[in-house]
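Please examine the model shown below before reading on. The paragraphs after it lead from the chain as a whole to particular groups of side chains.

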Amino acid sequence: MLIFVAATGLILLAAAGVFGAFLQDSVDRAVEEQMYAETAEYIKRLEKQMDTNFQLLDTLAVFIGDGEVLDDDEFAEIFDKANHQNDFLTMGYFDKNGNGITSTLGEGAERMLLEEGQEEFREVAYAALEGKSRVSRLFTGNLSHEKVFVYAVPVKTDGEIKGVLCASDHIEIFSDILTGNQVMGGSAYIHMVNQDGDFLIRSERAIVKENAETLLGEPFLEPEEYDSVREKMHNSEEVRFSFDYAGETYRVLLEPVGINGWYLLCINSVQESSRILYLVTRVTAAVLASIIALLIFWLIYSYRLTRKNTHELNRLAFFDQLTGTYNFPRFRQEVGEEIEKDANGALVSLNIHQFKFINEIFGKERADRLLQHVADTISAYLREGEIFCRESADFFYLFLRDTDKEEIRERLETIMSEACGQIDREENGYHMLMYCGAVISDERVVLYDLEQMMTHVMFALEKARETHQNNVWFFDTRLHEQERMDNYVEGHMYQALDDEEFRLHLQLKKDLKNGHTAGAEALVRWIRGDGTTIYPDQFIPVFEENGFCTKLDMYMVEKVCLCIRDWIDRGLEPIPVSVNQSKAVLYQTDYVQKLCGVIEKYRIPEKYITLEILEGAALENAEDFNRTLCILRKKGFRISLDDFGSGYSSLNTLGSLQIDELKLDRGFLNDIADGKDSKSKIIMEQVVELSKKLNIQTVVEGVETEENDRMIREWGCDLGQGYYYARPISAEEFTERYIKVKEG
């Protein structure tokens, strides 16, 4: 503690030193910024005074330009009065030929030629005759005999320059502006100098008592500084420096006014700001001493309080307050350390079915006792190196050192059975259930890190929740991958439809009598943007469950129509294409209308579209379904009953449904080829024979061998479909291989 207090004190002292330096720098910057701000304010006042004088001259120039031409005496009299009213030293008007009248305060008016004026006066007068208002450099006037400068503005009549109006004033008119006791709160004063450093106006409060003619000399500057400062002033740059005088140091700011090389010279005492800094430093030191004293007191008090309450703080930080077990953060920490030593083990999540109702039925007190009993039961069955915690409510995590699935299952079932027995014994008639999710990390199979185990165990727990019994569900990688795929399919199906990732593939239907191409079946493949393929058995079941198949079915009808339209437009001989239609789309009220709308859009003869319908869907509501089939057949569509013999088959189906084609399920062929069911062959032969008598075309799918082909030909089937004839290929490739140019 002493070392800590001493170190803290040294840190605070160092911080105070840094703060002092920072404070000094801040005060210096603040003073400089204030000097700049106040100098800028005085420059604005000078500019305002000059703007006012220019406005007076511009106004008088307008009257002269717009007025009637007067004789010389009358003009001189009016001009002299105007000069007296505007307080200029001298005023004058000159026409374009250089003839003019001047009026000097107290001396009356007299005639004068422009060429007789001094050089500084002539420069601005000629500029005004070119339309430019100007103010001259300082010079000693011949008429006023004072140090003056001249304003000159053009006089215009109907936009044409008629002459120039001039007025002179002495530099002392700005003295009132620069004189005052409020510069930097009375701690600074301002002079005006020219760009050669010569003083133009001196403040009455000047600290330097010697009336030096120029700034570029002592006590303001050392000789070696003259050239540098003079160069900056001639370049109209801002200049900052400091100098010592009468035992004090002063800051100097030279700020260009922007007129004729004039500068405002602002001088401020450094000691004045140092006195402010001294006061602030004393206050800071007092505050710092108080902080150190309070810190020492607080450290001593905190140390005693910490020693007294260490156990309680540790319990609050790392343990569940109800059961006394680890809380979840401590559990993660402990398990993480255990996994670093040995990654083999199992993570288990355990939960109580409908615990919220136990709370409601038996009350919070009884429910809390139940949770304590569950924690005690788990603790009793843990081995060395195994850890558990209560995460929240009825949620427990266990880390076991077992990697044998059956042994883990047996241990968890024992824990659940004993934990549930408590409420079974206390409350006759209420049977509590629990469920567990588990994930095993085993170097012989697969090792997981803690984050992966936490994710997988929640997935397993959700699967265990689906059953209504004491249940343990182990994370299964293959099942999880299927779930992930289902989630991907459901999350991307609409975007895939918009991006046309569902591609049309066609599989050949061969005429078994002449060997010609008799048609094709439209199949869908989901080809993602990265080129990978999702196959129908990965997404069709999801679509049938969530209803998206209705959109996909109509999408595929449109793709088939687009393909047939392309064949017709290219002069190729189109063939019938069968399109699978799900039960959901068939029972839409506007199904027939939408189907016909697509056909009309692409101008496709209905005879080229065969609608394939699963037998199970047809038999759920045969009467309504048959009514829809009749409408479709009347419009020219062909109807095919798919998967006949897959589980719903009855001979009555053939007689009751209005169909054109019967597709026999590949299961018959598999059974016959394997020799499992000799009766299947007899049934197939009879179904084919019956279909002929009912004028229904038969198609056998799943033909994969020469033996399959020979067999279905012997039965008298009409069409064959399967890998023996052709695999499904893209519509473009199918067109190149099987679609011929139309003859005639």
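This is a predicted model: local features need pLDDT of at least 70, side-chain atom pairs count only at pLDDT 80 or more; totals for chains, interfaces and linings use all residues.

Residues are numbered from 1 along each chain as its sequence is written, and side-chain values use heavy atoms, with hydrogens and water left out.

The secondary structure comes to 23 helices and 27 strands; helices (H or I, at least four residues) and strands (E, at least two) are DSSP runs, numbered from the N terminus. Of the 744 residues in the chain, 46% count as buried. Buried means under 20% relative accessible area, exposed means over 50%, and partly exposed lies in between (1.4 Å probe, protein chains only). The chain exposes about 39,300 Å², of which carbon and sulfur atoms supply 50%; accessible areas come from the Shrake-Rupley method with a 1.4 Å probe, and for residues only the protein chains shown count as cover. Among contacts with a separation of 6 or more, 61% are accounted for by residues 24 or more positions apart, where contact means heavy atoms within 4.5 Å.

Aromatic rings form the next topic. The structure holds 26 aromatic pairs. Rings of Phe, Tyr and Trp (its six-membered ring) pair if their centres lie within 6.5 Å; planes under 30 degrees apart count as stacked, over 60 as edge-to-face and the rest as tilted. Phe149 and Tyr151 form an edge-to-face pair, because their planes are at 70°, with the ring centres 5.3 Å apart. Both Phe149 and Tyr151 are buried. The pair of Phe502 and Trp526 is tilted, because the planes stand at 50°, with centres 4.9 Å apart. Since Phe502 lies in strand S18 (residues 502-511) and Trp526 in strand S19 (residues 517-527), this pair ties together parts that are 24 residues apart in sequence. Phe502 is buried at 2% relative accessibility, and Trp526 is buried at 0%.

Which residues does Met485 contact, leaving aside its neighbours within four places in sequence? They are Ile534 and Gln538. Met485 lies in helix H12 (residues 477-498) and is buried, with a relative accessible area of 18%.

Side chains of opposite charge can pair when their charged atoms come close. A salt bridge is a side-chain nitrogen of Lys or Arg within 4 Å of a carboxyl oxygen of Asp or Glu, and the count comes to 37. One of them joins Glu612 and Lys663 (3.1 Å, N to O). Glu612 is in strand S22 (residues 609-614) and Lys663 in strand S24 (residues 661-664), so the pair ties together parts 51 residues apart in sequence. Both Glu612 and Lys663 are buried, and they belong to a network of salt bridges that includes Lys509, Glu521, Arg638, Glu661 and Glu701.
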